[in-house]
Amino acid sequence: MSYETLPLDVTDVPRNQPADPSTVARWRTLGARGLDLLFPWCCVHCDGEIRPSERGSANDYLCLPCRGHLTFSPLELCRSCGGPLTGGASESCRLGGGEAVEDDGNLGFGQCSRCVDRQRAGMPSSLDGVLWSWVYASPISTAVTAMKFRGLDYLADKMAASALDHVHDRLPVVDAIVPVPLHWSRRWARGYDQAELLAVGLSRRLGLARERWLRRARRTSAQSLLNETERRANLASAFRLRRKARPQGRRILLVDDVITTGATLEAAAGALKNGGATQIFALAVARTPQPEELFEL
Ligand SMILES: [Zn+2]
Ligand SMILES: [Zn+2]
């Protein structure tokens, strides 16, 4: 039967009567319970059950006891490396044993002694502020690993929401959100780029454009086996601007999943600043504490 031969008079078609709302609610509840039995929500860290009453918040990929073990970032962070500024941005910083510069009006971000030393040695930072939500330790490390290596890409949107919750009051005004990209071969092997998914979640909530302005020009060797100096050398000129990138005069929020030494963010920020961006801030889900900071935690 062609579309032309379909009957035009549909008055004889019986209309569905609206169902009793209480019956609908009952079936919905039964349906949800059935789904819970078939596919129970489990914590990505401990596999414990997440009850219906524990769902609905951004961190509901973790059970309540695991949520209790999350370690949030301090409020005062070094604007160049994201390290904690013990005692506040304008006081002497104990980390590294040197002094910290006074808060110079850079939106409340001070600088730790290590970054001050680096700046004095002629290696200024391209970052104007670094924010992150949690110390990279369990249970958040398990969740990040699941997001990156177990294919649980939906966690990125939830992590973006909860990271934003934590830093929202300190977030500077920016014009665009730029993810720190994976090399195309890594993205192809994984099927997605977790930093880009985080950036999607942030741009939707902040109403800002997500711009893929950076690309990794070469595949860098595994960073986790290198010390900080080797990481910086490994990453030098690793990032390039895409041909369509327009960072000139823009304030940018760089987004990545985990900060280890800050060398990756620094390299990505450098490429954007060389392209004319005025300010670069960075936001990550978590940060690995440096060895000397472990004494402080
Ligand atoms: Zn758990
Ligand atoms: Zn620093």
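This report walks through a predicted model of a protein chain, from its confidence to its core.

Residues are numbered from 1 along each chain as the sequence is written, while chains are lettered from A and ligands numbered from 1 in the order written. As the model is predicted, local features need pLDDT of at least 70, side-chain atom pairs count only at pLDDT 80 or more, and totals for chains, interfaces and linings use all residues.

Let's start with confidence. pLDDT is the predictor's confidence in each residue, from 0 to 100. The protein chain has a mean of 81, with 75% of its residues at 70 or more.

| Element | Residues | Mean pLDDT |
|---|---|---|
| helix α1, lowest | residues 21–38 | 65 |
| strand β2, highest | residues 176–179 | 98 |

Just after α9, G276 takes a positive phi of about 105°.

The largest nonpolar core has 64 residues, and A268 and L198 are among those with the most contacts inside it. Such a core is a set of buried Ala, Val, Leu, Ile, Met, Phe, Trp, Tyr and Cys residues joined through C-beta atoms within 7 Å. Elements that each supply at least two residues include β2, α7 and α9.

Conventions: Helix = DSSP H or I, 4+ residues; strand = E, 2+ residues; numbered from the N terminus. Buried ≥ 20, exposed ≤ 12 C-beta atoms within 10 Å, placed from the backbone.
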